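Thank you all for coming; I would like to take a few minutes to walk through one model with you. Please have a look at it first, and then I will start with its surface.

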Amino acid sequence: MVEWDARSGGSWRFVSTRSGEEYGFRGCFHEVRPDRIVQTFTFEGQPDGVALETLWFEDLGNGRSRLRAQSLVDSFESRDAWLASGMEVGVNEGYAKLEEMLADGSV
């Protein structure tokens, strides 16, 4: 994580490394609440492609929560390009890492 200012009006940036190559991502937080986050998401390799993401958190009790996410892009072509880029693999790897960190108590 390069930058993480998780508040309404804040911003974030992180860099991922895979096979010796770096990939940067950035965005800004439009709204941060206990039950919802609204943010932008931009892959720095395609700076004109900005997604608006909404994340909803639902308390399931017993220390568990459900996360529901929605990403909106400007066209079907943009959506298809993001999916073809391998983004799904990165998202799944990120959630797997989060689950691992939550299980071992590191977050």
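Which helix gives the most to the nonpolar patch? Before I answer, a word on what we are looking at: this is a predicted model, in which local features need pLDDT of at least 70 and side-chain atom pairs count only at pLDDT 80 or more, while totals for chains, interfaces and linings use all residues. Residues are numbered from 1 along each chain as its sequence is written, and side-chain values use heavy atoms, with hydrogens and water left out.

The answer is helix 2, residues 87-104, which contributes four residues to the patch. The patch itself is formed by Phe 57, Leu 67, Val 91, Tyr 95, Leu 98, Leu 102 and Val 107, and together these residues have about 590 Å² of accessible area. Areas here come from the Shrake-Rupley method with a 1.4 Å probe, and for residues only the protein chains shown count as cover. A patch is built from residues with over 30% relative accessible area and no salt bridge, with like charges joined within 9 Å and nonpolar side chains, that is Val, Leu, Ile, Met, Phe, Trp and Tyr, joined within 5 Å. Leu 98 sits in helix 2, and its relative accessibility of 36% makes it partly exposed; in these terms buried means under 20% relative accessible area, exposed means over 50%, and partly exposed lies in between, with a 1.4 Å probe and protein chains only.

Let me step back to the overall layout. The protein has two helices and six strands, and along the sequence they follow the pattern β-β-β-β-β-β-α-α. These elements are DSSP runs numbered from the N terminus, helices being H or I with at least four residues and strands being E with at least two. Along the principal axes, the C-alpha atoms fill a box of roughly 40 × 30 × 25 Å. Of the 107 residues, 17% count as buried, and the protein exposes about 7800 Å², of which carbon and sulfur atoms supply 51%.

If we set aside residues up to four places away in sequence, and take contact to mean heavy atoms within 4.5 Å, Ile 37 touches Phe 29, Glu 31, Val 32, Glu 53, Thr 54, Leu 55 and Phe 57. With the same exclusion, the partners of Gln 39 include Trp 12, Cys 28, His 30 and Ala 51.

In helix 1, residues 76-84, the residue to look at is Trp 82, which counts as buried at 10% relative accessibility. Beyond four places in sequence, its contacts include Phe 41, Gln 46, Val 73 and Met 87. Trp 82 and Phe 43 are 39 residues apart in sequence, and their C-alpha atoms are 9.4 Å apart.

Most residues other than glycine have a negative phi. Ser 19, however, has a positive phi near 50°; it lies in the loop between strand 2 (11-18) and strand 3 (21-33) and is exposed at 77%. Asn 62 likewise has a positive phi, near 55°, in the loop between strand 5 (50-61) and strand 6 (64-72), and it is exposed at 82% relative accessibility.

Finally, the charges. How many salt bridges does a search of the whole structure find? It finds ten, a salt bridge being a side-chain nitrogen of Lys or Arg within 4 Å of a carboxyl oxygen of Asp or Glu. In one of them, Glu 44 pairs with Arg 26, with the closest N and O atoms 4.0 Å apart. Because Glu 44 lies in the loop between strand 4 and strand 5 and Arg 26 in strand 3, this pair ties together parts that are 18 residues apart in sequence. Arg 33 forms a salt bridge with Glu 31 at 3.4 Å between the closest N and O atoms, and another with Asp 35 at 3.0 Å, N to O. Through shared partners, such salt bridges join Glu 31, Arg 33, Asp 35 and Arg 36 into one network.
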